[in-house]
Amino acid sequence: MKHQRRNYGQYCGLAAALDILGERWTLLIVRELLTGPCRYNELQANLPGIGTNLLADRLKFLTEMDIIRQRSQDGAKTRMYELTEQGESLRTAVLDLARWGLGMLGTPEAEEVVRPRWGVLAVEAMIDPRHAGPDEVYEFRLDDEVFHIDVKDGRVKVLHGKAPAEPALVVRTDAVTFVEIGAGRLNPLEATLTRRVVMEGAEEAVLRCSRLLGLMS
């Protein structure tokens, strides 16, 4: 039996979307799964403050609405949660919200949590494909999270893991610094001079990557 939940009672696309996604924590669960499949305990660890019963409730509802599904993990009894095609179609909307929200961020408070994993979506939100340059790869190392941007034939992809070939640029930093730069609260040059960001690569690659991420005109 499906959950009986309150709704807006409006024949409107936005209202219909909010009937499903408007409850607290729901979009953050989607955010986690946009960066890849997760086990239940991983979701709980990356969503500090959510109770286990509430997380279970949200996951059950999203499964019923065909936004997520469970699948077996290869070689293990543990099951993973992942987005369905319907859930994956939320990527553009979530990235647009994340891009808008970056501009609303203030100084990070001591109690606010930042996960390196979120850097993957932050990069996707920052990318302006109009500034895609020649074919090359930029690798990012945020604390213990590694991902890379692949530019090929004018198309840009953000992928998990190390670059498959020698990257044109390697960026090392921490998650808080990275989000502060994306929010426009920290100048990339200042972060580099203070060694909060370490970049290895040719100056031209640094400039191209910076333009791609909207960090310079």
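In which helix does V120 lie? V120 lies in helix α7, which covers residues 118-126. This is a predicted model, in which local features need pLDDT of at least 70, side-chain atom pairs count only at pLDDT 80 or more, and totals for chains, interfaces and linings use all residues. Residues are numbered from 1 along each chain as its sequence is written, and side-chain values use heavy atoms, with hydrogens and water left out. Helices (H or I, at least four residues) and strands (E, at least two) are DSSP runs, numbered from the N terminus.

Buried means under 20% relative accessible area, exposed means over 50%, and partly exposed is in between, with a 1.4 Å probe and protein chains only. Leaving aside residues up to four places away in sequence, V120 touches T35, E145, F147, V158 and H160; a contact means heavy atoms within 4.5 Å. The C-alpha atoms of V120 and L142 are 9.5 Å apart, while 22 residues separate the two along the chain.

L142 belongs to strand β4, residues 136-142, and stands opposite T173 in β7. Strands β4 and β7 pair in the parallel sense over five bridges; two strands count as paired if DSSP finds at least two bridges between them. On β7 there is also a pairing with strand β8 (residues 198-201), which is antiparallel and has four bridges. There, L169 stands opposite G201 in β8. Strand β7 (residues 169-173) has four of its five residues buried, so the rest of the structure largely encloses β7. In a regular strand, side chains alternate between the two faces of the sheet.

Next comes the interior. In soluble globular proteins, nonpolar side chains tend to be buried together. A nonpolar core is here a set of buried Ala, Val, Leu, Ile, Met, Phe, Trp, Tyr and Cys residues joined through side-chain atoms within 4.5 Å. The largest such core has 26 residues, and those with the most contacts inside it are V123, Y138, F140, I149 and L213. At least two residues of this core come from each of α7, β4, β5 (145-152), β7, α8 (175-182) and α10 (203-212). Another core, of 22 residues, lies apart from it and has L21, L43, L55 and L59 among its members.

F140 and F147 form a stacked pair, with 5.4 Å centre to centre and 5 degrees between the planes. F140 and F178 form an edge-to-face pair, at 6.0 Å centre to centre and 75 degrees between the planes. This second pair links distant parts of the chain, since F140 is in strand β4 and F178 in helix α8, 38 residues apart. F140 counts as buried at 2% relative accessibility, F147 is buried at 0%, and F178 is buried at 6%.

Helix α2 (residues 26-34) is mostly covered, with seven of its nine residues buried. R31 is one of the buried residues of α2, and R31 lies over the face of W118, 4.0 Å from the ring centre. A charge sits over a ring if NZ of Lys or CZ of Arg is within 6 Å of the ring centre and within 35 degrees of the ring normal. Just after α2, G36 takes a positive phi of about 135 degrees.

Two other residues also call for a look at phi. Most residues other than glycine have a negative phi, and most peptide bonds are trans. D143, in the loop between β4 and β5, has a positive phi of about 50 degrees although it is not a glycine. D143 is partly exposed, with a relative accessible area of 49%. D153, in the loop between β5 and β6 (155-160), has a positive phi near 55 degrees. At 64% relative accessible area, D153 is exposed.

Terms used. Phe/Tyr/Trp six-rings, centres within 6.5 Å; stacked < 30°, edge-to-face > 60°.
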